[in-house]
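Hi there,

Here is the structure I promised to pass on to you. Have a look, and then read on for my notes.

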Amino acid sequence: MSKPSPVTATLKQHHDRLSRQTLARLFAEDAQRFQRFSARCDGLLLDYSKNLVDEACLEALLELADQCELQRGINAMFAGDPINNTEQRAVLHTALRNGGQYLQPETRQAINQTRERMLAMADQLQQGELKGYAGRTIDTIVNIGVGGSDLGPMMAVEALASYHQSATRIRFVSNIDPVHISRTLAQCDPATTLFIICSKTFTTLETLANARAARAWFVAQTAREDAIHQHFYAVSTNLEAAAEFGIPERNIFPMWDWVGGRYSLWSAIGLSIALAIGREQFEAFLAGGRAMDDHFRTSPWRQNLPVLMALLGVWHSDYWGAQSQALICYDQNLAQFPAYLQQLDMESNGKSVTRDGWPVDYATGAILWGGVGTNTQHSFHQLLHQGTHFIPVDFIVGARSTDPVGEQHAALLANCLAQSQALMQGRSEEDLKQQMLDQGKSEAEAALLARHRRIPGNRPSNTLMYPVLTPFVLGQLIALYEHKIFTQSVIWDINAFDQWGVELGKELSKTITGVLKNPDQAHRQDASTNGLIEYYRDNGL
Ligand code: F6P
């Protein structure tokens with residue numbers, strides 16, 4: 001039986017009808033619009049009233065979730081069914097925040113033991129008991145990883161800076177560009193620096209190159225090869241490779257193939273987060289994720305934040321032709337959140353065949369991009385307000401600041417609310433023209449300027465608001481987007497948990513590296529690649 005398409009005749013009719021509506025009119029006609037189109041989960045508020053939906057349309061969107069058997073999909077994921085069908089793997093990052101509640105006793109034990117080891121290490125660091133080979137207290141942690149082994153921990157460590165338990169500096173090295181590792185090492189003292197090599201596979205080119213560079217630097221600086229065991233830790237599923245690298249077993253934290261790389265910050269890949277914020281706050285972070293899991297599993301779709309956001313995303317991509325989705329965090333703590341979500345969303349839902357391998361005939365994962373407000377107002381908001389693209393926006397903001405200074409937070413919040421209001425209401429040409437005529441401008445000048453200054457409005461947005469950013473709230477936010485992405489993958493009938501698209505580039509780079517390393521080797525690439533290799537041979541050697 002063929003799977004239902006996300007593009008239905010009913011929803012197309014709603015689209016035609018709502019294309020003749022405006023958001024401003026929908027608000028004017030319904031004083032209860034905010035109450036009607038907002039939902040909460042443990043203090044986290046989603047206001048989705050500024051989207052082009054009404055009751056009938058939302059009803060049809062919610063039906064789509066049923067037609068696509070979303071509940072069955074959710075149950076299958078939480079039960080550990082191999083829903084990553086191209087790799088025959090379960091998808092169980094949720095088990096890492098509920099202690100493996102629904103899993104076999106051995107798996108549960110492994111999860112809890114590993115977490116306890118992470119937290120014990122965090123206790124040691126906090127108490128100044130983590131020492132290097134010279135007996136000096138560790139004051140710098142360098143996380144070496146890339147993609148999911150970097151972006152999540154880096155984002156969370158920065159986001160939770162107000163909750164750091166010690167002055168330990170935490171650095172992240174990801175890029176194979178030698179600039180990254182060399183600049184980082186230049187700021188480290190080998191006697192007080194600890195390296196965590198994070199790689200699910202322990203085969204990733206960038207990570208292994210940086211890890212080798214760090215080890216070589218350590219030995220060169222200290223002449224103490226025997227001290228590697230005190231300064232190098234690893235997180236991986238590939239315990240043999242980590243051991244072969246020279247990391248003693250007691251310094252290796254396991255993870256499991258049922259944790260996807262981009263979903264892995266809840267596992268020991270999040271060791272740097274635990275070291276930064278300590279036991280209690282890390283538990284709160286997991287509890288935030290768990291609260292969202294329970295909400296996602298058990299709330300009716302109409303109150304279900306991830307489901308609502310997912311359906312609105314499908315609505316925008318498949319009916320309104322939105323190709324991208326902006327994420328604007330009015331919270332400096334979340335400066336890295338858009339980059340983190342880029343991998344989470346685009347590596348998960350950037351797919352063009354169904355789970356059975358047939359080409360889709362509808363748009364899937366949107367291009368996700370964004371930044372931190374108010375800075376973005378002074379860079380790309382012009383395009384959001386007056387450009388030709390239809391770009392739905394997620395705004396994220398706290399009611400309070402983690403680091404209040406005078407009235408600044410109120411100004412931040414006011415700007416956030418003003419932006420979503422401006423996108424929604426716009427500003428009419430007639431009003432602008434009248435305003436300028438009143439100011440004494442000529443008819444011709446007023447008409448011309450009004451056309452330039454007109455803001456069409458009617459551009460959709462969600463606003464997510466929380467009391468103040470805490471580890472719990474960050475856990476909720478991450479799990480919210482994880483489940484949004486998963487829900488969309490069910491509706492689009494795609495596998496959100498593999499990433500075959502990144503493989504070809506990895507393979508080709510191996511061949512090209514061979515050619516670059518060996519100047520005598522004949523190279524038989526395409527003309528463009530050959531030309532670029534020639535340029536390198538002329539200038540890079
Ligand atoms: O290249 C993509 C990817 O496989 C991501 O999915 C993953 O997060 C990243 O590489 C790093 O992989 P690993 O943790 O195995 O080094």
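Let me start with a pair inside the protein: D498 and K351 are both buried. This is a predicted model, and in it the two side chains form a salt bridge, with their closest N and O atoms 2.9 Å apart. The pair ties together distant parts of the chain, 147 residues apart: D498 sits in the loop between α19 and α20 (503–517), and K351 in the loop between α14 (337–349) and β9 (367–372).

Salt bridges that share partners also join D30, R36, E55 and R302 into one network. D30 counts as buried, at 17% relative accessibility, whereas R36 is partly exposed, at 34%.

Another pair to look at is R279 with D123, whose closest N and O atoms are 2.9 Å apart in a salt bridge. It too links distant parts of the chain, with R279 in helix α12 (residues 271–298) and D123 in helix α6 (residues 105–126), 156 residues apart. R279 is partly exposed, with a relative accessible area of 26%. The structure holds 17 salt bridges.

Now to helix α4, which covers residues 55–67. Its 13 residues reach 18 Å from the first C-alpha to the last, close to the 18 Å expected. The buried residues of α4 are C57, L58, A60, L61, L62, L64 and A65, and they pack against α1 (9–19), α5 (70–79), α13 (305–318) and α19 (471–492). After α4 comes E69, with a positive phi near 55°.

Key: Residues are numbered from 1 along each chain as its sequence is written. This is a predicted model: local features need pLDDT of at least 70, side-chain atom pairs count only at pLDDT 80 or more; totals for chains, interfaces and linings use all residues. Side-chain values use heavy atoms; hydrogens and water are left out. Helices (H or I, at least four residues) and strands (E, at least two) are DSSP runs, numbered from the N terminus. The expected span of a helix is 1.5 Å times one less than its number of residues. Buried means under 20% relative accessible area, exposed over 50%, partly exposed in between (1.4 Å probe, protein chains only). Contact means heavy atoms within 4.5 Å. A salt bridge is a side-chain nitrogen of Lys or Arg within 4 Å of a carboxyl oxygen of Asp or Glu.
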